[in-house]
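Here are some friendly notes to read with the model open beside you. Please take the points in order and look up each residue as it comes along.

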Amino acid sequence: MEALNALKSKYLNAVSEAVDETSLEDLRVAAVGKKGEVSLKMRELGKMSPEERKIAGPALNALKDEINSALLAKKVALSDAALNDRLQNEWLDVSMAGRPRRRGSLHPISQVTEEIIAIFASLGFSVAEGPQIENDYYNFDALNIAPEHPARQEHDTFYMYRNENDDRAPNVLRTHTSPVQIRHLEENGAPCRIICPGRVYRADYDQTHTPMFHQYEGMCIDENISMANLKWTLEEFCRAFFNVDDIELRFRASHFPFTEPSAEVDIRCSWVGGQLKIGEGDDWMEILGSGMVHPKVLHAGGVDIEKYQGFAFGMGIDRLAMLKYGIPDLRAFFDSDLRWLRHYGFASLDMPNLHDGISR
Ligand code: PHE
């Protein structure tokens, strides 16, 4: 009995002082494991007289149970303590204010391009693209601009470098989006309805000109297309884009080598106190160049000119952005000045401003 009491207090003390699960497991093995002290004592029961066994048996069983339940209780206590510890240390204040982040904004050119695409999409036009580095053929020849044509000089073209002994005509940075007309017709043929927004380049720099700027080309080729369709399309566009019901456009006879007849298009407007109002007043402002696609251009694009004809136009995207959002200097568009970008930029979810009355 003495011995059992000694075992009991030895293990119960040790259990109560154990600091982790590993030491508890070591204690379990040492006490009640197969070769543990209590288990060894139990084996000795066989050698005892029945009377001795009657006392020692239950006492050993009781000791074993007691140690086992002490081990279990300590295990639970240890894991409770571990959990409390984590709760203390990994505590997170979900009500704390977030770290502020600067939100970016959409450049007015991106915004206006999206607006243009949305309006023309609702008129059944899709978007076509072409390269910014063009060859002489697509930028000029195929558009009926012969090498000696004065339009080549007018465009202030940037020419790419050619090796000295390479006598091919140099490539150019495209001076307009019109080469996409040819590329699109070559690939897809007629009929078609496309717009082609993109970057174009001319050596020019002042308040309203930058060496790189943005245009979009529109082209519609089908049977029975006339200047009337052109005018209606442009009016619908202006009505939607400027969000003004009473739009008035004026066609002024002009000349482009790739259209015949050609017209520059003015929009009725007023400037009162330096403020532009579209659709009213006695002023006219030029907004684009247009015309019926020249048969030579259709031919270069592989279109059957007995069957098809159509219109094309080209408009400055930057200029549209300046007019619609009252931005005075074009050069600032490309300065990457963050203060300017934050002021004129658009939130990414600002939807293109579509005029309700657009007819389909
Ligand atoms: N490409 C012409 C320009 O850049 C615009 C234009 C396009 C005119 C299509 C007529 C038809 O000035």
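Helices (H or I, at least four residues) and strands (E, at least two) are DSSP runs, numbered from the N terminus. This is a predicted model, in which local features need pLDDT of at least 70 and side-chain atom pairs count only at pLDDT 80 or more, while totals for chains, interfaces and linings use all residues. Residues are numbered from 1 along each chain as its sequence is written, and side-chain values use heavy atoms, with hydrogens and water left out.

1. **The ends of α9.** Just after helix α9, N243 takes a positive phi of about 60 degrees. At the start of α9, a side-chain oxygen of S226 comes to within 3.1 Å of the backbone nitrogen of A228. This pair is a polar contact (N or O atoms within 3.5 Å; within protein, one must be able to donate a hydrogen and the other to accept it, and residues adjacent in sequence count only if both atoms are side-chain atoms).

2. **The length of α9.** Helix α9 covers residues 227-242, which is 16 residues. The expected span of a helix is 1.5 Å times one less than its number of residues. For α9 that gives 22 Å, and the end C-alpha atoms are 22 Å apart, which agrees. The buried residues of α9 are L230, T233, L234, E235, E236, F237, C238, A240, F241 and F242. Here buried means under 20% relative accessible area, exposed means over 50%, and partly exposed is in between (1.4 Å probe, protein chains only).

3. **One side of α1.** Which residues of α1 are buried? They are L4, L7, Y11 and V15. They cover an arc of only 60 degrees around the axis, which puts them on the same side of α1. The arc is that of the directions from the helix axis to the C-beta atoms.

4. **One side of α2.** Now try the next helix, α2, which runs over residues 21-32. Its twelve residues should span 16 Å, and the end C-alpha atoms are 16 Å apart, which agrees. In α2, the residues L24, L27, A31 and V32 are buried. They cover an arc of only 85 degrees around the axis, which puts them on the same side of α2. The exposed residues T22 and D26 sit on the face of α2 turned away from its buried side.

5. **What α2 packs against.** The buried residues of α2 pack against α1 (2-17), α3 (37-44) and α4 (50-89). Two packed helices are described by the angle between their axes and the distance between the axes. For α2 and α4, the angle is about 175 degrees and the axes are 10 Å apart. That makes α2 roughly antiparallel to α4, the word used for angles over 145 degrees. Axes are lines fitted to C-alpha atoms, for helices over the stretch in contact, and angles run from 0 to 180 degrees between N-to-C directions. Among the residues that meet here are L24 and R28 in α2 and L71 and K75 in α4.

6. **L63 in α4.** L63 is found in helix α4. Is L63 buried or exposed? L63 is buried, with a relative accessible area of 4%. Leaving aside its neighbours within four places in sequence, L63 is in contact (heavy atoms within 4.5 Å) with L4, L7, K8 and V38. **I287 in β9.** I287 lies in strand β9 (residues 283-293). At 6% relative accessibility, I287 counts as buried. Apart from neighbours within four places in sequence, I287 is in contact with C238, L249, V265, D266, I267, M315 and L323. I287 and I267 are 20 residues apart along the chain, and their C-alpha atoms are separated by 6.8 Å.

7. S262 has its place in strand β7 (residues 259-272) and is buried, with a relative accessible area of 7%. The side chain of S262 reaches the backbone nitrogen of F256 at 3.2 Å. T210 is found in the loop between β4 (192-201) and β5 (212-222), and T210 is buried, with a relative accessible area of 4%. Where does the side chain of T210 reach? It reaches the backbone oxygen of M212 at 2.6 Å.

Notes
Angles under 35 degrees count as roughly parallel, over 145 as roughly antiparallel, 65 to 115 as roughly perpendicular and the rest as oblique.
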